[in-house]
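Let's take a friendly walk through a protein chain together. Keep the picture at hand and follow along as we go.

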Amino acid sequence: LHPRLRPQILPRLPLSLRHPFRSYRLPAERNLKRGWCHYAAAKAVATLRTRIEQRDAALFAGRERELAGFERLLTSSSWNQPSVVFLHGPGGIGKSTLAREMVRRARAAGMSIHWPVPDALDDALADARRDARPLVVLDDYERIAAVGRYLREGVLPSLPDRALVVVAGRRVPERGWFEGGWEALTTDIELGELSDDEALAL
């Protein structure tokens, strides 16, 4: 708009057209929109998943020794620390429960979390390869134990060097995880029964 014509034309235009990059709203309208945004955000957070995860975290107890070792992995910057943690023990001993607590602590430490289902490993780990420090959880390892060699040779080596992998299964990890260089990257944790004090804490 030519400067000479502005005094004649601008007063006749609606406010929103006088300054195209400025939005004019009444105070009540602004407050209403702000309130709606807060309501929408609250709705987005208050899901059943959130409630389940909060309940799961509140009920967790015990495994202090195992978690102390895991915390050292989270805070250490040593190049020769383990990158693969095997949790093994009989069914119902608490492997998945411990893995979920490890996830919560890794997330608090700033790691990205990837918990793929066994049938979609490659697709699920594509995102992990792009993250600087991912935590990958492979639960029910016995379902994919047949492709353990493929994991060691074709999948896990492409993860970032600061990645952590938690593998949970009922059986002791096969020999391949402790040879060919993997012995320097793998540690195993055998889960037993909770102590009396830990059981009481539940």
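This is a predicted model: local features need pLDDT of at least 70, side-chain atom pairs count only at pLDDT 80 or more; totals for chains, interfaces and linings use all residues.

Now step back for the overall plan. The protein chain has 9 helices and 5 strands. Reading from the N terminus, the order of elements is α-α-α-α-α-β-α-β-α-β-α-β-β-α. Of the 202 residues in the protein chain, 32% are buried. The accessible surface comes to about 13400 Å², and carbon and sulfur atoms account for 54% of that surface. Among contacts with a separation of 6 or more, 70% are between residues 24 or more positions apart.

Let's return to strand 4 (164–169). How many of the residues of strand 4 are buried? The count is 6 of 6, so to speak a strand that is mostly covered. In a regular strand, side chains alternate between the two faces of the sheet. In strand 4, Leu164, Val166 and Ala168 lie on one side, Val165, Val167 and Gly169 lie on the other, and all of them are buried. Strand 4 also belongs to a right-handed β-α-β unit, together with strand 3 and helix 8 (residues 148–155).

Next comes helix 6 (95–108). This helix has 14 residues and reaches 20 Å from its first C-alpha to its last, close to the 20 Å expected at 1.5 Å a residue. Its buried residues are Lys95, Leu98, Ala99, Glu101, Met102, Val103 and Ala106. An α-helix has 3.6 residues a turn, so residues three or four places apart point the same way. What covers the buried residues of helix 6? The cover includes helix 5, strand 1, strand 2 (112–114), strand 3 and strand 4. Just after helix 6, glycine 110 takes a positive phi of about 95°.

These pieces meet in the largest nonpolar core, which has 21 residues. Phe70, Leu87, Leu98, Met102, Leu135, Leu164 and Val166 have the most contacts inside it. At least two residues of this core come from each of helix 5 (64–75), strand 1, helix 6, strand 3 (134–138) and strand 4. Helix 6 gives the most, with 5 residues. Leaving aside residues up to four places away in sequence, methionine 102 touches Leu67, Phe70, Leu87, Leu135 and Val166. Apart from this core lies another, of 18 residues, including Val84, Ile144, Leu151 and Trp182. In soluble globular proteins, nonpolar side chains tend to be buried together.

Finally, visit two loops. Arginine 63 sits in the loop between helix 4 (48–59) and helix 5, and has a positive phi of about 60° although it is not a glycine. Aspartate 140, in the loop between strand 3 and helix 8, is another residue other than glycine with a positive phi, near 55°. Are these two buried or partly exposed? Arginine 63 counts as buried because its relative accessibility is 6%, under the 20% cut-off. Aspartate 140, at 33% relative accessibility, counts as partly exposed.

How values were computed: Residues are numbered from 1 along each chain as its sequence is written. Side-chain values use heavy atoms; hydrogens and water are left out. A nonpolar core is a set of buried Ala, Val, Leu, Ile, Met, Phe, Trp, Tyr and Cys residues joined through side-chain atoms within 4.5 Å. Buried means under 20% relative accessible area, exposed over 50%, partly exposed in between (1.4 Å probe, protein chains only). Helices (H or I, at least four residues) and strands (E, at least two) are DSSP runs, numbered from the N terminus. Contact means heavy atoms within 4.5 Å. Accessible areas come from the Shrake-Rupley method with a 1.4 Å probe; for residues, only the protein chains shown count as cover. A crossover is right-handed if, with the strands pointing away from the viewer, the path from the first strand over the helix to the second runs clockwise. The expected span of a helix is 1.5 Å times one less than its number of residues.
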